[in-house]
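Please open the model in a viewer and keep the selection panel at hand. The tour moves from one selection to the next and states what is found at each stop.

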Amino acid sequence: MSEDKKVMNELKNDIYTQISSKYNKCLWPKSDCTNDCIKAHSIQNSQILDQLASNNHVVMPVARLNLDTGPEIEFKKVGRNKATTFTGLCSEHDRQLFRPIDVNKFDSSNEEQKFLIAYRSVLRELHTRIKAAIDLQTTYQKSVKLGKCDPNNRDISLFVTCRIVNAIDFCLYKKMYDNIYNSNSFTEVQHDYICIEKSCPLAVSSLFNPINSSAQNKRPEPKFIVLNVFPHNKNTIVLLSYLSHHQKELSSYANEIINANGDDRLYLLSKTILRYCENFVISPEQFESFSPPKVDAIKKFYGETAKRSDYDDDNENLMLF
Ligand SMILES: [Zn+2]
């Protein structure tokens, strides 16, 4: 084997090891916690995944790392005890934080419950972004050390820095949720609540910034719509949440979904999920009912929108409900 190939193999092995490593840090908002983290569910296991799983599995998008051709997206069955989990809370604090939504039935008039559902999505997102920034930084340093990346290439170093800044910005966003939690001022997060009288074949716990970044100021305060979709009492619940002081800028995006009707609304919601979210699960029963061309259209839209924010496709095959 040539020396160059050996170095590349070493680098690839290091990247795979780094990406499959866990980032353990309890994100408990009241104090610094150094306890070991558990695999905390971002989508509730007992009440929601239970309704969607078949043989203890659900279907979700999984990015398979291929360093030769780029990441490959697959929709595959994942065990429900692994699906949508993140190592961002210790067992004591996971229990303490989410007890009000884990032991009680969902009540749309309960502000604490709605806040906690959104808060859980925010915590998972922060964990994901920190982990991605650490993976990228570690990989970059290793590549430079092995002579496979030019430290003077400003495009690459800027890209790495942006991902780190992105994680730091999101820390500040999560801090606003921490302050609301610590002061019990739950109504500082506003919610648009939609109950659709149709059984729900999927669940989402995610968030997105729909505002075109080029239309924003240089370094704006990040604004997000937190999106949760889940089955409840044979209906589909949609919860769009945002900080009160972001409502003005974000409500027009939420209103597109709120003001649509019937299947148009579910189609719009499906495209929003596929465009912006990666933390969602579909019941295997539903996914297996999709035709091969429908699965191809879903995979293509999901993959292309991850690469290019302006990509669009008006295609009835993108309907997930
Ligand atoms: Zn803890």
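**Stop one: Leu97**

Select Leu97, which counts as buried because its relative accessibility is 1%; buried means under 20% relative accessible area, exposed over 50%, and partly exposed in between, with a 1.4 Å probe and protein chains only. The model is predicted, and local features need pLDDT of at least 70, side-chain atom pairs count only at pLDDT 80 or more, while totals for chains, interfaces and linings use all residues. Residues are numbered from 1 along each chain as its sequence is written, and side-chain values use heavy atoms, with hydrogens and water left out.

Leu97 belongs to helix α3 (residues 91-102); helices (H or I, at least four residues) and strands (E, at least two) are DSSP runs, numbered from the N terminus. Display its neighbours next: leaving aside residues up to four places away in sequence, Leu97 touches Trp28, Pro29, Leu89, Leu116, Tyr119, Leu123 and Tyr181, where contact means heavy atoms within 4.5 Å.

**Stop two: the nonpolar cores**

Which residues have the most contacts inside the largest nonpolar core? They are Phe115 and Tyr177, in a core of 47 residues. Helix α4 (residues 111-145) gives the most to this core, namely nine residues. A nonpolar core is here a set of buried Ala, Val, Leu, Ile, Met, Phe, Trp, Tyr and Cys residues joined through side-chain atoms within 4.5 Å.

Centre the view on Phe115. Not counting residues up to four places away in sequence, Phe115 touches Tyr177, Ile180, Tyr181, Phe186, Val189 and His191. Another core lies apart from the largest one; it has 38 residues, among them Val59, Ile257, Cys277 and Leu318. In soluble globular proteins, nonpolar side chains tend to be buried together.

**Stop three: Ile282**

Move to strand β9 (residues 280-282), where Ile282 is found. Is Ile282 buried or exposed? Its relative accessibility is 0%, so Ile282 counts as buried. With residues up to four places away in sequence set aside, Ile282 touches Val58, Val59, Pro201, Leu202, Phe287 and Leu320. The C-alpha atoms of Ile282 and Ala203 are separated by 6.6 Å, although the two residues are 79 residues apart along the chain.

**Stop four: positive phi in two loops**

Select Asn56, in the loop between α2 (45-52) and β2 (57-64). Asn56 is not a glycine, yet has a positive phi of about 65 degrees. Asn56 is partly exposed, with a relative accessible area of 48%.

Continue to Lys234, in the loop between β7 (225-232) and β8 (235-243). The phi of Lys234 is near 65 degrees, again positive in a residue other than glycine. Lys234 counts as exposed, at 72% relative accessibility.

**Stop five: Asp264**

Helix α7 (residues 262-276) holds Asp264. Asp264 is exposed, with a relative accessible area of 57%. Draw a line from its C-alpha atom to that of Met319: the separation is 9.5 Å, for residues 55 apart along the chain.

**Stop six: the whole chain**

Zoom out and colour by secondary structure: the protein chain has nine helices and nine strands. Its C-alpha atoms fill a box of roughly 65 × 50 × 45 Å along the principal axes. Buried residues make up 48% of the 321 residues.

With contacts displayed, consider pairs of residues at least 6 apart in sequence: 73% of these contacts join residues at least 24 apart. Finally, colour by charge, with Lys and Arg counted as positive, Asp and Glu as negative, and His and the chain ends not counted. The mean positions of the 41 positive and 40 negative charges are 4 Å apart, the place of a charge being NZ of Lys, CZ of Arg, CG of Asp or CD of Glu.
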